[in-house]
Amino acid sequence: MVHVEQLPTAVPLSPDIEHRPDRPLPYRARVRWVDPHTRERKSLSEASATSDQAQAWIDTVTAASLRGVDPSVSMQPLAQYGDANMKLALRGLEEKTKDPYLAGWRLRVVPSLGHIPSTLISNGAVDRSVYGWIADGVGRSSVKNSLAVLARVMEQAKRDGIITVNPARVSGWQAEYKKAEDELNNPRALALRDWDALTTLANGLVERSYDHYQGWGSVVTFAACTAARIGEVSGVRVRDIDQVNWIWTVRRQTTPAPGGLIDKGTKGTKGIKGKMARRIPLIEEVRPLVAQRILAVGRNPDARLFTGPRGGRITTAVLRDATGS
């Protein structure tokens, strides 16, 4: 059947803001309109923390409506819009290029930004997402592919009149990898001055976390004392710790994968199979913490030494979100 495109038609909206003090988000912004094609009455609403936020939402919907964009479409979550228009967004690309783009969309863009309407995605939101991926240890090419597919989807939204500026045009993020390489070449660039400074940092993260979960302080202290990646810290099992010689055998790391987090061998090793695993001495200062964690998990050789407050795997993103850092 031949597709017949509807002409964009600006529709007048009737906006209002209702204050509901008994709600966690007490200001409800609402717009109502009559669909010019079906004559059906429609409405759209959003709860906000402040009246200014509610008014900003109304302004965004109104601006899109004046450009002829259906208000329902203008507030469609990015994940829904992208999935519906991905074929258009990726037109002209070779098939071998589409696979890594779609993987970046599924594994990084949707979890980070998919819940936000396209009209509300800002340059800052994209910046924070990209630098969050870098902090999580995502490789340069994977970040590039994720950002490229986001830029293409947002460009399609721009062509559809949903947005006027593409916020995914991010530059300068590659410098973060150069910075990381410099820090690896000069490990002391990130070193804390002494044990008291590390203790202060760990205690500060605990204080900022929900319910003051002590485990976040333990994670940071152990990582600092072993110069390990947080994925490797998440992978530590009781059996990996030699309490006689105080040696940690690094066999695995936690990493994102389709369907969630998984444990796999450390980079460049076959650690889970016991081959080429890295051995790290545990300095005297961190040994009491390690011994305490082993006792806390009941000496079960397969138990994780470090977990989130609900017993789940930890990642840089989990720690950052829990402690606001």
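This is a predicted model: local features need pLDDT of at least 70, side-chain atom pairs count only at pLDDT 80 or more; totals for chains, interfaces and linings use all residues.
The largest nonpolar core comprises 33 residues, and the members that touch the most others in it are Leu-78, Leu-113, Val-126, Val-130 and Leu-150. Two or more residues are given to this core by each of α3 (78–89), α4 (95–113), α5 (123–135) and α6 (140–159). Helix α6 provides the largest share, with 8 residues.

When neighbours within four places in sequence are set aside, Leu-78 is in contact with Trp-105, Val-109, Leu-113, Gly-114, Ile-116, Pro-117, Ser-118, Ile-121, Leu-150, Val-153 and Met-154. Two of these partners, Leu-113 and Leu-150, are themselves listed with Leu-78 among the residues that touch the most other core members.

The next feature is a pair of helices. Helix α8 (residues 195–208) and helix α9 (residues 215–226) have axes that come within 8 Å and cross at roughly 150°. Angles over 145 degrees count as roughly antiparallel, and α8 and α9 are therefore roughly antiparallel to each other. The crossing in which α8 passes α9 is right-handed. On the α8 side, the contact is made by Trp-195, Leu-198, Leu-201, Ala-202, Leu-205 and Val-206, while α9 supplies Gly-217, Val-220, Thr-221, Ala-224 and Cys-225. By class, the residues of this contact comprise 9 nonpolar and 2 polar, with no charged residue.

Most residues other than glycine have a negative phi. Arg-39, which is not a glycine, has a positive phi near 65°. This residue lies in the loop that joins β2 (27–34) and β3 (41–48). Because its relative accessibility is 59%, Arg-39 counts as exposed, the threshold for that class being over 50%.

Trp-246 likewise has a positive phi, about 55°, without being a glycine. Its position is in the loop between β4 (241–242) and β5 (247–250). Is Trp-246 buried or exposed? Its relative accessible area is 16%, so Trp-246 is buried, since that class takes in values under 20%.

How values were computed: Residues are numbered from 1 along each chain as its sequence is written. Side-chain values use heavy atoms; hydrogens and water are left out. Axes are lines fitted to C-alpha atoms, for helices over the stretch in contact, and angles run from 0 to 180 degrees between N-to-C directions. Helices (H or I, at least four residues) and strands (E, at least two) are DSSP runs, numbered from the N terminus. Angles under 35 degrees count as roughly parallel, over 145 as roughly antiparallel, 65 to 115 as roughly perpendicular and the rest as oblique. A crossing is left-handed if the near helix is turned anticlockwise from the far one by less than a right angle, and right-handed if clockwise. Contact means heavy atoms within 4.5 Å. Ala, Val, Leu, Ile, Met, Phe, Trp, Tyr, Cys and Pro count as nonpolar, Asp, Glu, Lys and Arg as charged, and the others, Gly among them, as polar. A nonpolar core is a set of buried Ala, Val, Leu, Ile, Met, Phe, Trp, Tyr and Cys residues joined through side-chain atoms within 4.5 Å. Buried means under 20% relative accessible area, exposed over 50%, partly exposed in between (1.4 Å probe, protein chains only).
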